[in-house]
Amino acid sequence: MHANPPHQPKLSLQEYLVLFALMAACFVVFCYMDYRYLDIEFLSFTRGDERPQFLQLQKMYEGLLALDVKKFFAFEFYNYGFFYYLLSFLAALPFIITENYPLQIYAPRVLNALFSIANLWILYKIARIYLAPRTSMLILLLLTSMGAFWHLGFAFKPDVFQGFFVLLCAYFLLQDRGMLGQNYTRAWLALGLGIGLAKFQAILFIPMIYAYVFCHTSGALRDIARFYQACKRSIVATFGMFGIWILTNPYLLHPRGFKAWLSMFELNMRSNATNHGAYTQVPLSEKLSQVIELYYFEILVFLALSIAGLYCCIITLQWLISQNPHALDSATQDSMCQPCTQANSTSIEFAPIATGFFISLAYLLLFVNKTWEAYYFSTMALGLTLAIPLTTLCAITWSQIAKIATTSPKLSAKALLKTSKGGGQHTLCHTNCVLSLSSILLALLLGLQILGGSMSGIYTKVFTKYNKPLESIHALDDELMTLLRPVVDSKAVILSEHVDFSFLSLGLKPTQVHQAFGLIDPASFVYAEWASKPHTMPFIPKDFLVIRNTPTRQNPAIQAAPRDENEQKSRETFGALMRGDYPYKLIAQSVHFLVFANTDTAHSNITKPTPKENP
């Protein structure tokens, strides 16, 4: 516990201008790049998950109009915070009311751009606690050199929003400096908001709070009473964070709401284990090369930051072991808690940050069988803060060597590490030499990042505005529309494995075209199957099914053995459709598609007779 905690240095007008100029420039790039692929008919092909997110906002609007609380909260992606959806809904609401589909797609992207540049602001605040303005700006340029910073800033996902709260938590912990006071409370409140408002994945960083508590509860590792004290603080913080999660997601208070969340959580865990249903094992080397090295850090930069974090943890562990739990006098305790050098003090301050970085990284590398770069953003943003102890400790070491080489070999290391007590700025070393060396090292890291990103092609990938040619999807569109145009009514609802077609020309709205993800489930289109299980939402009849016509479906003899019972059931469902076991009739087919019409008149959206087969 430090008797003189630092204060955030007051930013000069010049600093504000430079910082906001960088943030504004990034925001302009985001706004420009986000204004692309705004065609709702082909959004699934061009932007992946954005189509289901778009439909969630439509469902919330329908629930609002009908004053249907269940429908308003039925946004399905329950691992995301309700508040994130609410903000996105409010951003898109004017365009939902006017049915302006392109701007409905665009507005949440711009909101996400604001969350992205908020990460720049909080990262600069962290860096300025320890570094000079020029060096702090280099930390921000390191963040903007990551391909994922741009890639995720273009997406309708809450990962950059979550990253902001994780960095905000780290900022308050560093400001607290072992006092376990108001800033510590603000830290776990910030992380609780990250879990509740942004994404449940933020629970991976709770160990950062625990590490901080045990680091700064004097003698917690050697005295049972103080160990219990640290545990008590950790438990209070844990209950506080989960309380925030529940209060910011009020549907959890209802048994059905919690059951819906639990179902989504179990689905996500299965997805993490099976590579999202592909049942392939992603090797560690692929996660390092296709996620970390491609989207985040060059491998040398990643290793340097990891070594810095490991050094912080080792120094802190040595310091904790050396503490005397029986020093009850306050002056003795303060003396005991002060590390032997300012360099070690910085390592101890960043040890909880390093703990959060390593634990979340270990989980993603060892237990998430995917190469989804979005999962890693908060971890890598937190890891970037380790550039602060890395550069300053290296600079101090180099300056010591240079000083010793030119002066007496008996020069006191303590004298070299004195810091200024004026101006309220907490810096590691006040000499121009150390500041220059810190800037040089960060510039080298930045150069490595830019060189690696240029060679890997990630900048071309994220800054090519129209990076997906649409010729092939338009050919499939023409093929499918030939089948649907003669038979589809404007009141019809379609369940399709392929949703990239010109449904607006058929008089359909986006909400009338439902996407079948992965394995087809009869409960999604057959009323009798749906009614066999309890549901919170009403059954939506599907008037037409569009199924992909693949060689393996047409010739079961060439199919590989099913990987699990769900895949086996999906194959059985397709076979039942073809045999006519369900109330659906095959009315049209082509090289790539099969179209089935609903024959259950009791559960249909259209009143005209069942369409006849195409000749």
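Arg177 sits in the loop that joins α9 (159-176) to α10 (182-198). The model is a predicted one, and in it the phi angle of Arg177 is near 50°, a positive value in a residue that is not glycine. Most residues other than glycine have a negative phi. Arg177 has a relative accessibility of 7%, so it counts as buried, the limit for that class being under 20%.

Two packed helices are described by the angle between their axes and the distance between the axes. The axes of α9 and α10 come within 7 Å and cross at roughly 170°. Angles over 145 degrees count as roughly antiparallel, and α9 and α10 are therefore roughly antiparallel to each other. On the α9 side, the residues that make the contact include Phe161, Phe165, Val166, Leu168, Phe172 and Leu173. On the α10 side, they include Tyr184, Ala187, Ala190, Leu191, Leu193 and Leu197. Sorted by class, the contact between α9 and α10 has 14 nonpolar, five polar and two charged residues.

Tyr37 belongs to the loop between α1 (13-34) and α2 (43-47). With 9% relative accessibility, Tyr37 counts as buried.

Is a loop residue such as Thr98 buried or exposed? Thr98 lies in the loop between α5 (82-97) and α6 (101-130). Its relative accessible area is 55%, so Thr98 is exposed, because the cut-off for that class is over 50%. A polar atom of the Thr98 side chain lies 3.0 Å from the backbone oxygen of Pro94.

Helix α5 itself contains Ser88. Ser88 has a relative accessible area of 0% and is buried. What does Ser88 touch, apart from its neighbours within four places in sequence? The residues in contact with Ser88 are Leu57, Pro108, Leu111 and Phe156.

Helix α18 (residues 377-384) shows burial along a whole element: eight of its eight residues are buried, and the helix is mostly covered. These buried residues are Phe377, Ser378, Thr379, Met380, Ala381, Leu382, Gly383 and Leu384.

The cysteines are the next topic. How many disulfides does the structure hold? The number is zero. Cys313 is in no disulfide, and the nearest cysteine sulfur, that of Cys312, is 6.8 Å away. Cys313 has a relative accessibility of 22% and counts as partly exposed. Cys231 is also partly exposed, with a relative accessible area of 22%.

Last comes the protein as a whole. It has 26 helices and five strands. It consists of 615 residues, of which 54% count as buried. Among contacts in the protein with a separation of 6 or more, 74% are between residues 24 or more positions apart.

Key. Residues are numbered from 1 along each chain as its sequence is written. This is a predicted model: local features need pLDDT of at least 70, side-chain atom pairs count only at pLDDT 80 or more; totals for chains, interfaces and linings use all residues. Side-chain values use heavy atoms; hydrogens and water are left out. A disulfide is a pair of cysteine sulfur atoms within 2.5 Å. Buried means under 20% relative accessible area, exposed over 50%, partly exposed in between (1.4 Å probe, protein chains only). Helices (H or I, at least four residues) and strands (E, at least two) are DSSP runs, numbered from the N terminus. A polar contact is a pair of N or O atoms within 3.5 Å; within protein, one must be able to donate a hydrogen and the other to accept it, and residues adjacent in sequence count only if both atoms are side-chain atoms. Axes are lines fitted to C-alpha atoms, for helices over the stretch in contact, and angles run from 0 to 180 degrees between N-to-C directions. Angles under 35 degrees count as roughly parallel, over 145 as roughly antiparallel, 65 to 115 as roughly perpendicular and the rest as oblique. Contact means heavy atoms within 4.5 Å. Ala, Val, Leu, Ile, Met, Phe, Trp, Tyr, Cys and Pro count as nonpolar, Asp, Glu, Lys and Arg as charged, and the others, Gly among them, as polar.
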